[in-house]
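Have the sequence and the 3D view open as you read.

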Amino acid sequence: MTRLTVLIVGATSGVGKATARQLADAGHRVLVIGRDPERAQALGHQLTPTTGLAAAIDISTPEGWDLAAEWASQRADRLDVLINAAGGPIGSILCLGLGCRW
Amino acid sequence: MAPISASKAALASLSDALRVELAAWKIPVVVIEPGGTQTNIFAKADANARIALAGADPRQVALYEHHLAAVAKAAAKQKPGPVDPVAQVILKAVQARRPKRRYTAGSDARLLGALSHLPDRLRDRLVRGVFGLANIQPRA
């Protein structure tokens with residue numbers, strides 16, 4: 001099987017984190033980005049430069065995405081896959097006419 | 001429910017358009033649709049809901065009183081699935097030579113996906129049932 005280089009954003013918890021682990025276990029190289037610096041560091045400790053790298057970048061802004069792209073392109077000569085696992089709730093599940101956002 | 005529904009519809013629609021745009025580079029775009037999954041999302045949503053409610057106009061909150069109680073009750077009964085099967089589906093999509101455009105993960109996701117093909121009236125009734133809103137009367 002081809003070894004892939006995969007960039008995962010939203011990878012320091014939940015589905016993103018589990019996906020990063022499974023990809024690394026399957027022999028792929030994972031570049032993981034999460035918003036939380038402590039969790040990103042903890043995840044980075046579980047990886048070696050061959051299996052992958054982690055960084056704390058907030059990709060909720062266009063500048064964050066630029067930073068993420070720059071970080072990844074400096075650490076890999078190619079990217080095969082982007083997995084976007086970032087996102088989550090901002091307001092209540094019911095709209096309530098409160099201007100809640102997701 | 002309106003904001004999350006709109007955001008998920010936007011995600012599906014954005015992905016469908018992006019797939020067309022990126023076809024020239026032979027870059028596939030895949031949407032993974034998990035059902036309720038055991039992540040921090042529910043705790044975060046709960047905390048955010050509390051903040052939103054605390055800052056809301058009490059009259060608006062009162063209008064929604066029965067809805068909020070019913071949704072909380074229905075949510076407590078739902079059992080979100082583990083994350084690993086979802087990650088497995090993503091791994092499968094990543095490694096596929098020709099990935100499908102959409103993958104569902106979890107039986108509830110498959111069920112809800114099937115709902116969208118039902119007639120509108122029936123679908124609305126089933127969705128209201130799932131969220132405990134079937135017999136909700138607004139407060140007088």
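In α3(A), the residues A:G64, A:A68, A:W71 and A:A72 are buried (buried means under 20% relative accessible area, exposed over 50%, partly exposed in between, with a 1.4 Å probe and protein chains only). Seen down the axis of α3(A), these buried residues fall within an arc of 95 degrees, so they line one face of the helix (the arc is that of the directions from the helix axis to the C-beta atoms). On the face turned away from that buried side sit the exposed A:P62, A:E63, A:D66, A:S73 and A:Q74.

What do the buried residues of α3(A) pack against? They pack against β1 (5-9), β2 (29-34) and β3 (52-56) of chain A, where contact means heavy atoms within 4.5 Å. Helices (H or I, at least four residues) and strands (E, at least two) are DSSP runs, numbered from the N terminus.

A:T61 is in the loop between β3 and α3 of chain A. With a relative accessible area of 33%, A:T61 is partly exposed. A:T61 and A:A42 are 19 residues apart in sequence and 24 Å apart in space, C-alpha to C-alpha.

## Over in chain B

B:L122 belongs to helix α7 (residues 120-130) of chain B. B:L122 counts as partly exposed because its relative accessibility is 32%.

## About the model

This is a predicted model: local features need pLDDT of at least 70, side-chain atom pairs count only at pLDDT 80 or more, and totals for chains, interfaces and linings use all residues. Residues are numbered from 1 along each chain as its sequence is written, chains are lettered from A and ligands numbered from 1 in the order in which they are written, and side-chain values use heavy atoms, leaving out hydrogens and water.
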